[in-house]
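Have the viewer open as you read.

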Amino acid sequence: MEANQDLRSFIGVLESMGEIKKVAGADWNLEIGGLTELFSEKRGPALLFDQVKGYPAGYRILTNIFRTEKRLALTLGLDTNLRGIDLLNAWRFKLRSFEPVPVTPVEGGPLFENTMTEKEIDLTRFPAPLWHELDGGRYIGTGCCVVTKDPESGHINVGTYRCMVQGKDRITVKMDKGKHGRIAQDKYHQAGKACPVVISLGQDPWLFMASTSPLSLDASEYEFAGWLRGAPIQVVPGPLTGLPIPATAEIVLEGEIPPYGPDKLPKEGPFGEWPGYYTNTTVGEVAIMEVQRVYYRNNPILVGVPPLKPPNQYLPIPMAAATLWDQLEKAGIPEVKGVWGFVYGPVGPFSVIAIRQRYAGHAKQTALVACGAKAGVTGGKFVVVLDDDVDITDPQDVIWAMATRCNVREGVDIVKGVLTTPVEPAVHPSARGSRGNTMDRVLIDACRPYQWLDEFPPVNSFSKEYKQQLEKKWTL
Ligand SMILES: Cc1cc2nc3c(=O)[nH]c(=O)nc-3n(C[C@H](O)[C@H](O)[C@H](O)COP(=O)(O)O)c2cc1C
Ligand SMILES: [Mn+2]
């Protein structure tokens, strides 16, 4: 079976690889969230929940799709034996061959097997989970794709923005400021118009990858997804909005986001966020979609990608570190040997960069560029630069090198007032402004000092090769 057809053929391939488990009878109320967290912690199989308590058999939810390097590599079309930084680097090189693959318009598709209109619309017919104990509601959209059109340029955008059920035919769609969907929405609202929108709540993994990738404003996520999939994404014009709907999606909502003022917008959140906290509760800030049509396949599958407390997260490697790596090189930093991120990703508040030092100040320059580069800017807090003998994917090795090589007064700098994410936990709620927030950055040069590199004490550890030889000789 070819993996690259739709979500169901992808699930078929996961089954043949032993990479998915079926779970019958779990409760939407915390159990699905709990099992997702537990199996993600173990870097276990993807989970396909069926016979969800109180719901008809066949109404399913798929979680933990990308949690192992094997499943991520399968999605990215890379060698499924690659691990860690090798997988990251393979992805970095693959991205260089990116060529947009235009969509194929089609007449219909399996998505249109069922339709709900007007009074029939009832989003509670789908088993949206309560993912975490303190969540303010049921999030039907976490692994979703939100399709919007810029009213000026006509450009189509697809982005992943969380959606909470607010009523039978209403959901909030949390597009943060600056996100491409939000830019389009704001343009409609400034003209006093409703923003047409289509939301897929379950779709092939390539479209989700595209929808969550940091592409430029004028790039097309649909065309990126087609390239990744190795075949064009098939789309059907939305009957109400004309927006392109993925023909093989599982569940799609079509409707509009009216230009309501803050007093007409409901409470959204709290929601267990990716830094590992229930940070963000919003009242009167997150726009609401009025759902006018629901299309769904027989036995539809919701895709769930709930945020989890770090180091648990939905990806096995910090994929956007590939973008930061490229941006460092484009800024002229030589000899970058690896880029990684801990805590949450893709790069997040703890970025680690390995270099082979070539000149005085090389490490400091690397840290400064990383802190200012687009891919390193949002949500960052610590940037650590290390020599390339350190395994930057191993937090123990990183801490050992920081603890032993960093000459603190020379090596540590604070840069004040850099852009941060709205969910930064260490910004006081009263200071969390509608114009965004900043956070300071700690730059740590933990490389051996370049000026006396040759005099730095040698490391008292045997080489990998010697240890392998010993293992062969001494079968203890
Ligand atoms: C599981 C998941 C949930 C996300 N939820 C949100 C969200 O609620 N709001 C938001 O602005 N970005 C969210 N993001 C990040 C955006 O999807 C990401 O920035 C994407 O590039 C946005 O598309 P755009 O650049 O076309 O706006 C989420 C990402 C993931 C992986
Ligand atoms: Mn975009």
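## Strand pairing and aromatic contacts

Val384 stands opposite Ile444, a residue of strand S23. This is a predicted model, where local features need pLDDT of at least 70, side-chain atom pairs count only at pLDDT 80 or more, and totals for chains, interfaces and linings use all residues. Residues are numbered from 1 along each chain as its sequence is written, chains are lettered from A and ligands numbered from 1 in the order in which they are written, and side-chain values use heavy atoms, leaving out hydrogens and water.

Strands (E, at least two residues) and helices (H or I, at least four) are DSSP runs numbered from the N terminus, and two strands pair if DSSP finds at least two bridges between them. S23 spans residues 437-445, and seven of its nine residues are buried. Here buried means under 20% relative accessible area, exposed over 50%, and partly exposed in between, using a 1.4 Å probe and protein chains only. On the parallel side, S21 (residues 382-387) pairs with S23 over four bridges. S22 (residues 412-420) runs antiparallel to S23, joined by seven bridges. Val412 has Ile444 in S23 as its bridge partner.

Now to the rings. A search of the whole structure finds 17 aromatic pairs. Rings of Phe, Tyr and Trp (its six-membered ring) pair if their centres lie within 6.5 Å; planes under 30 degrees apart count as stacked, over 60 as edge-to-face and the rest as tilted. Two of the pairs are set out below.

| Pair | Centre distance | Plane angle | Class |
|---|---|---|---|
| Phe66 and Phe208 | 5.7 Å | 10° | stacked |
| Phe98 and Phe224 | 5.2 Å | 45° | tilted |

Phe66, in the loop between strand S3 (60-63) and helix H3 (69-76), and Phe208, in helix H6 (residues 205-211), are 142 residues apart, so the pair links distant parts of the chain. Phe66 is buried at 2% relative accessible area, and Phe208 is buried at 3%.

Phe98 lies in the loop between helix H4 (84-95) and strand S4 (104-105), while Phe224 belongs to helix H7 (residues 221-229), so their pair ties together parts 126 residues apart in sequence. Phe98 is partly exposed at 31%, whereas Phe224 is buried at 3%.

Which residue lies over the face of Trp227? Lys94 does, 5.4 Å from the ring centre. The charged end of Arg92 sits over the ring of Trp325, 3.9 Å from its centre. Such a contact requires NZ of Lys or CZ of Arg within 6 Å of the ring centre and within 35 degrees of the ring normal.
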